[in-house]
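Subject: Structure handover and findings

Hello,

Here is the structure I said I would pass on. My notes on what turned up in it follow below.

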Amino acid sequence: MLDIKLIRKDPQAVAAQLKKKNYSFDVAEFIRLDGDRKQADTESQTLLAERKQASKKIGELVQQGVPVDEAKKTVNETLAKIERQLEALKQKAQQAGDALDELMMSVPNIPEDAVPEGSDEDSNVEVLTWGEPKKFDFEVKDHVDVGEALGDLQFDVAAKITGSRFAVMQGNMARLHRALIQFMLDTHINEHGYSEIYVPYIVNAESLRGTGQLPKFEEDLFKLEGEQDYYLIPTAEVPVTNIARDRIFEAKEMGDGLRFVCHTPCFRSEAGSYGRDTRGMIRQHQFEKIEMVKMVRPDQSADELESLTANAEAILQKLNLPYRKVILCGGDLGFSAQKTYDLEVWLPGQQKYREISSCSNFGDYQARRMLARWRNPETNKPELLHTINGSGLAVGRTLVAVLENYQTESGSVIIPEALRPYMGGITELA
């Protein structure tokens, strides 16, 4: 959530900055709601002062010769009138406050100045490319054809069990999928300094509001039926980041920042994506992901985004998968993000780069929604921390990239060197 003081100071400037995200901030509505709440508060303070003065009137009236009972009756009538007015103002202030809070929760984060202009992914700016796409001397297949020919990747069975956009893996395909998970976790823990964490796969609405998925993106979530207001997680970002909700970290706890890595399944309804990527594992309702989450001091977040992105890149490099890195333009930037790098892996079956990791700096946007703070030792006062996260990597899409980039003319798939220790000596899927 944005700092309301920042908006009050110059709402037109905020509106201009948000245009980069193709978002039209209703300045007039903000000023009206904020004014209504302020007016109700001011009028309430005036009435409270009148109530205080009215309580002293009994003695004054008696001194003026008014009988005690009559004086009490007059004052009590005045107090009752004030109480009715106060209750009406309380409701008015509550309504204005709720409406203002609802507006504030729907306003996205302001993009950094370095974020390029643009309305959609076509305006994203390439930062670098790594590796050369392999030239095959045979007609390449996509991962669906590769996996189904091996017999261990089955979409028809998943469709029978559940429906479209699910997959069943068995045998060495399932083992390769698990090997990717273990390899990514081990790399981030042992080489990049992250602490592994296990979290629930079901969260409450407050957690989703904290990270920005609610209220705007409810249609993208799987909501559970029952007495509790529960949702399946769309990403481990939600439960891991909410560890900091309603909490103040002491400077000693913060150190050089908190760094977590987490493996979870993720569940997304993919609302609005019907007809897109319906074939295979690119866009599924259930998939696995390794998520990196950082909670850092404000002066660290810019550098920590760069290092987190480099950590995700390291996985692709170890697997020798060609990729490119792009910075998202304003129109393609996520709701809560102020800056995002996407890593896009080369898929021979599609002859193009596809997103495999998205690494974002949220500044204090999520922290303000969650009241996630740290105690600055210089002032001894709590301050909002900054949050950063990114995929390290999306496991299913990494499996897709391995199947397509390491396929052979005979239909087998060579196991990348980095994964062989996790495959019990198996060097090839055949």
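A residue counts as buried under 20% relative accessible area, as exposed over 50%, and as partly exposed in between. Arg 247 has a relative accessibility of 32%, so it is partly exposed. Please keep in mind that this is a predicted model.

Salt bridges

Arg 247 has a partner in Glu 253: their side chains form a salt bridge with 3.2 Å from N to O. Glu 253 is also partly exposed, because its relative accessibility is 38%.

Glu 417 and Arg 420 make another salt bridge, with 3.2 Å between the closest N and O atoms. Here Glu 417 is exposed, at 60% relative accessibility, while Arg 420 is partly exposed, at 23%.

How many salt bridges are there by this rule? The count is 27. Glu 306, Glu 313, Lys 325 and Lys 339 belong to a network of them.

Aromatic pairs

Searching the whole structure gives eight aromatic pairs. One of them is Trp 130 with Tyr 323, whose ring centres are 5.8 Å apart and whose planes meet at 20°, so this pair is stacked. Trp 130 is in strand 1 (residues 125-130) and Tyr 323 is in strand 10 (residues 323-327), so the pair ties together parts that are 193 residues apart in sequence. Are the two partners buried or exposed? Trp 130 is partly exposed at 26% relative accessibility, whereas Tyr 323 is buried at 0%.

Phe 335 and Tyr 365 have ring centres 6.0 Å apart and planes at 80°, so they form an edge-to-face pair. Phe 335 lies in the loop between strand 10 and strand 11 (339-347), and Tyr 365 lies in helix 13 (residues 365-370), so this pair ties together parts 30 residues apart in sequence. Both Phe 335 and Tyr 365 are buried. Ring pairs also bring in Phe 217, giving a cluster of Phe 217, Phe 335 and Tyr 365.

Three helices

In helix 6 (residues 143-150), the residues His 143, Val 144, Val 146, Gly 147 and Leu 150 are buried. Viewed down the helix axis, the buried residues of helix 6 fall within an arc of 165°, so they line one face of the helix. In general, an α-helix has 3.6 residues a turn, so residues three or four places apart point the same way. What do the buried residues of helix 6 pack against? Their contacts are with strand 2 (153-154), helix 7 (155-161), helix 8, helix 14 (395-405), strand 16 (413-414) and strand 17 (428-429). Gly 151 follows helix 6 and has a positive phi, near 85°.

Helix 8 (residues 171-190) has 20 residues, which at 1.5 Å a residue should span 28 Å; the end C-alpha atoms are 28 Å apart, so the two agree. Its buried residues include Met 173, Leu 176, Leu 180, Phe 183 and His 188.

Helix 12 (residues 301-318) passes the corresponding check: its 18 residues should span 26 Å, and its end C-alpha atoms are 26 Å apart. Among the buried residues of helix 12 are Glu 304, Leu 305, Leu 308, Asn 311 and Glu 313. The Glu 313 named here is a member of the salt-bridge network described above. Helix 12 is followed by Asn 320, with a positive phi near 55°.

Asn 204 is found in strand 5 (residues 202-204). Asn 204 is partly exposed, with a relative accessible area of 32%. Leaving aside residues up to four places away in sequence, Asn 204 touches Asp 229, Tyr 230 and Arg 245. Asn 204 and Gln 407 are 203 residues apart along the chain, and their C-alpha atoms are separated by 42 Å.

Regards

Methods. Residues are numbered from 1 along each chain as its sequence is written. This is a predicted model: local features need pLDDT of at least 70, side-chain atom pairs count only at pLDDT 80 or more; totals for chains, interfaces and linings use all residues. Side-chain values use heavy atoms; hydrogens and water are left out. Helices (H or I, at least four residues) and strands (E, at least two) are DSSP runs, numbered from the N terminus. The expected span of a helix is 1.5 Å times one less than its number of residues. Buried means under 20% relative accessible area, exposed over 50%, partly exposed in between (1.4 Å probe, protein chains only). A salt bridge is a side-chain nitrogen of Lys or Arg within 4 Å of a carboxyl oxygen of Asp or Glu. Rings of Phe, Tyr and Trp (its six-membered ring) pair if their centres lie within 6.5 Å; planes under 30 degrees apart count as stacked, over 60 as edge-to-face and the rest as tilted. The arc is that of the directions from the helix axis to the C-beta atoms. Contact means heavy atoms within 4.5 Å.
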